[in-house]
Amino acid sequence: LFASDRTGTLGAWTLHVVDGKPHGLPRRVRPGIPPIEWGMFTQDGSYYYAHVVWVNDVYLTTFDPVKVQASTPRKLVSHVGLITSAEWSPDGHHLAYGSGLGRYPDPFVLGIHSLETCGHVNFQLEMARFGGHAFDLHWSPDGKALLGSGRRGIQRIDASTGETELLVGSPGG
């Protein structure tokens with residue numbers, strides 16, 4: 001039993017094995033499965049797996065260091081995903097955050113929140129997680145772009161258009 005996206009969506013497939021070698025062609029046994037973290041067979045042949053869904057949220061609050069008091073946190077976005085990061089722009093006017101699990105079919109989304117307008121811009125990125133690595137975002141000193149890392153390598157992300165440029169890594173993944 002294995003997972004494959006050979007038909008365009010993730011599905012569960014079987015392949016008969018004889019003496020450690022594949023025998024015949026793979027056969028899809030279930031289309032449209034979610035990305036899974038682990039799986040195991042039981043003695044009776046049942047298969048159990050974990051579909052982990054993290055629901056981290058991003059909140060914004062202000063802190064008065066003189067009064068040592070914080071305002072009531074305001075939720076900016078829900079369900080940002082697993083091991084993502086948030087970072088303020090150099091001018092302090094925008095908060096960038098990564099969301100999504102970064103696994104097929106759920107790529108990363110770059111969200112940028114404006115403090116001035118309280119609006120959000122979201123860019124779906126062609127970036128996938130590489131192993132257990134985090135999706136770390138870092139603003140460029142001029143605030144016009146961010147750096148993000150994924151399966152292909154380190155990419156520059158234009159903060160106004162969401163267009164990416166591969167800086168270090170492999171174009172083919």
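# Report on a predicted chain of strands

Val68 lies in the loop between β7 (63-64) and β8 (69-70); strands here are DSSP runs of E with at least two residues, helices are runs of H or I with at least four residues, and both are numbered from the N terminus. The model is predicted, so local features require pLDDT of at least 70 and side-chain atom pairs count only at pLDDT 80 or more, while totals for chains, interfaces and linings use all residues. Residues are numbered from 1 along each chain as its sequence is written, and side-chain values use heavy atoms, with hydrogens and water left out.

Val68 has a positive phi of about 50° although it is not a glycine. Asp19, likewise not a glycine, has a positive phi of about 55°. The place of Asp19 is the loop between β2 (11-18) and β3.

| Residue | Relative accessibility | Class |
|---|---|---|
| Val68 | 61% | exposed |
| Asp19 | 77% | exposed |
| Tyr47 | 31% | partly exposed |
| Ile36 | 30% | partly exposed |

Ile36 is found in the loop between β3 (21-30) and β4 (39-41). Apart from neighbours within four places in sequence, Ile36 is in contact (heavy atoms within 4.5 Å) with Tyr47, Tyr49 and Ala50. Ile36 and Ala3 are 33 residues apart in sequence, and their C-alpha atoms are 9.1 Å apart in space.

Tyr47 belongs to strand β5 (residues 47-49). Together with Leu1, Val29, Phe41 and Tyr49, Tyr47 forms a nonpolar patch on the surface, with about 460 Å² of accessible area in total. Such patches are made of residues with over 30% relative accessible area and no salt bridge; like charges are joined within 9 Å, and nonpolar side chains (Val, Leu, Ile, Met, Phe, Trp, Tyr) within 5 Å. A salt bridge is a side-chain nitrogen of Lys or Arg within 4 Å of a carboxyl oxygen of Asp or Glu.

The charged end of Arg6 sits over the ring of Trp13, 5.1 Å from its centre; this requires NZ of Lys or CZ of Arg within 6 Å of the ring centre and within 35 degrees of the ring normal.

Over the whole chain there are 17 strands and zero helices. Of the 173 residues, 29% are buried. The accessible surface, from the Shrake-Rupley method with a 1.4 Å probe and, for residues, only the protein chains shown as cover, comes to about 11,100 Å², of which 56% belongs to carbon and sulfur atoms.

How values were computed. Buried < 20%, exposed > 50% of the residue type's maximum accessible area, 1.4 Å probe, protein only.
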